[in-house]
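Q: Please guide me through the reading of a few features in the structure that follows.

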Amino acid sequence: MRAGIAVHRVRRTTFAAVAGLLLVFAACVPPSTLPDGTVPQAGPIGSNGLVFDGTDLWLADYFGGQLLRLDATTGRVLERLNADDGIAAPDDLVIAPDGSVIYTSPQTGVVGRVRRDGSTPRVSVLAHRPIGVNPIALTPDGTAVVVGYEFSEASHIDRIELSTGAVTMVAAGVGETNGFSFGPDGVLWAPAGGAVTALTGDGAIARIDIGTGAVDTLRLSFPHDSSKRGLRFGASVRWTPDGRLLALEAVGAGVYDIDPATGVATRSSVIPADFGDNMASLPDGRTFVSNFVGGLFVVDATGAARPFPIGG
């Protein structure tokens with residue numbers, strides 16, 4: 001109970017504090033391009049949502065209020081968009097079938113779109129949602145995105161049509177959630193339990209059927225760590241291109257392989273950071289993990305993790 005009260009107090013003050021920090025950090029963000037037309041190679045201030053566009057990696061920098069497109073081999077910054085381009089502080093993102101970047105902004109409630117086909121306006125608002133909108137996933141049919149909420153009183157999943165921006169609630173009573181993804185079964189798999197599990201250590205995985213609204217919970221077990229009851233703040237649950245289910249534990253930053261049938265969790269990688277935020281995987285077996293405070297790590301097929309340099 002005390003943990004819940006503490007987290008509720010944090011929730012009420014988080015966005016006020018972050019708003020102030022964003023004003024400070026904004027002065028440190030370089031422009032989208034330099035006078036000679038080149039892209040500044042400075043790294044992000046914070047590292048949050050990640051998504052691949054082919055072999056390029058898009059990174060959302062919430063504290064820096066910017067989106068970066070990176071070469072996933074060299075770390076070179078290929079493209080940079082920030083508040084001067086109309087970007088609201090982004091946290092999570094997906095790539096739409098037309099190549100647009102769709103992102104969420106928890107501080108503002110904006111679900112934004114960055115068009116990449118030359119049409120104008122390049123940056124626009126797809127939908128306005130409650131403050132705290134955070135995780136986002138493209139629906140399996142590619143016609144819409146679904147969004148959830150973290151550090152918010154909202155406790156549901158919304159579907160937003162890409163063609164119109166129309167919003168429909170598709171599941172209620174979900175609670176706080178974070179980075180999620182659709183599985184091969186067409187169900188949305190998401191961290192369950194919210195920020196309070198950073199203290200209680202009993203984070204699980206929710207399975208959300210956006211067609212029926214049904215929500216059930218996959219409880220986790222840790223055969224190799226009998227003292228562990230669950231995740232200490234599940235930050236991201238992702239299906240990889242080769243069909244593995246991964247969960248990122250935020251506190252202590254570790255990646256777990258999850259058996260989707262039994263909930264057996266096996267730690268497959270230790271991230272050399274205090275906090276993990278999100279992740280994205282490539283077909284070649286690499287998984288990129290963001291660090292919340294600016295770092296980015298790459299995990300190879302063996303589970304070995306190393307810092308991934310940004311800028312080049």
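Q: Between which strands does the loop that holds valine 293 lie?
A: This is a predicted model. Valine 293 sits in the loop that runs between β22 (287–290) and β23 (296–299).

Q: Is valine 293 buried or exposed?
A: The cut-off for exposed is over 50% relative accessible area. Valine 293 has a relative accessible area of 55%, so it is exposed.

Q: Which residues make the nonpolar surface patch of about 270 Å²?
A: Val293 contributes to that patch together with Phe275 and Phe292.

Q: Where does aspartate 84 lie, and is it buried or exposed?
A: Aspartate 84 belongs to the loop between β4 (77–81) and β5 (92–95). Its relative accessibility is 71%, and it therefore counts as exposed. Proline 31 is 53 residues from aspartate 84 in sequence, yet the C-alpha to C-alpha separation is 7.8 Å.

Q: What is the strand order in the open sheet of 4 strands?
A: The order is β13-β14-β15-β16, and the pairing is antiparallel. The edge strands, each pairing on one side only, are β13 (181–182) and β16 (215–218).

Q: How many bridges join strand β15 to β16?
A: Strand β15 (residues 204–208) is joined to β16 by 4 bridges, and the two run antiparallel. Isoleucine 208 has valine 215, in β16, as its bridge partner.

Q: Over which residues does pLDDT stay under 50?
A: The confidence score stays under 50 over residues 1–15, for which the model has 19 contacts beyond four places in sequence. For the protein, the mean pLDDT is 91, and 91% of the residues reach 70 or more.

How values were computed:
Residues numbered from 1 in each chain as written. Predicted model: local features only at pLDDT ≥ 70, side-chain atom pairs only at ≥ 80, totals over all residues. Heavy atoms only, no water. Buried < 20%, exposed > 50% of the residue type's maximum accessible area, 1.4 Å probe, protein only. pLDDT = per-residue confidence, 0-100. Contact = heavy atoms within 4.5 Å. Pairing = 2+ DSSP bridges. Patch = residues over 30% accessible without salt bridge, like charges linked within 9 Å, V, L, I, M, F, W, Y side chains within 5 Å. Areas by Shrake-Rupley, 256 points an atom, 1.4 Å probe, with all protein chains shown as cover. Salt bridge = Lys/Arg side-chain N within 4 Å of Asp/Glu carboxyl O.
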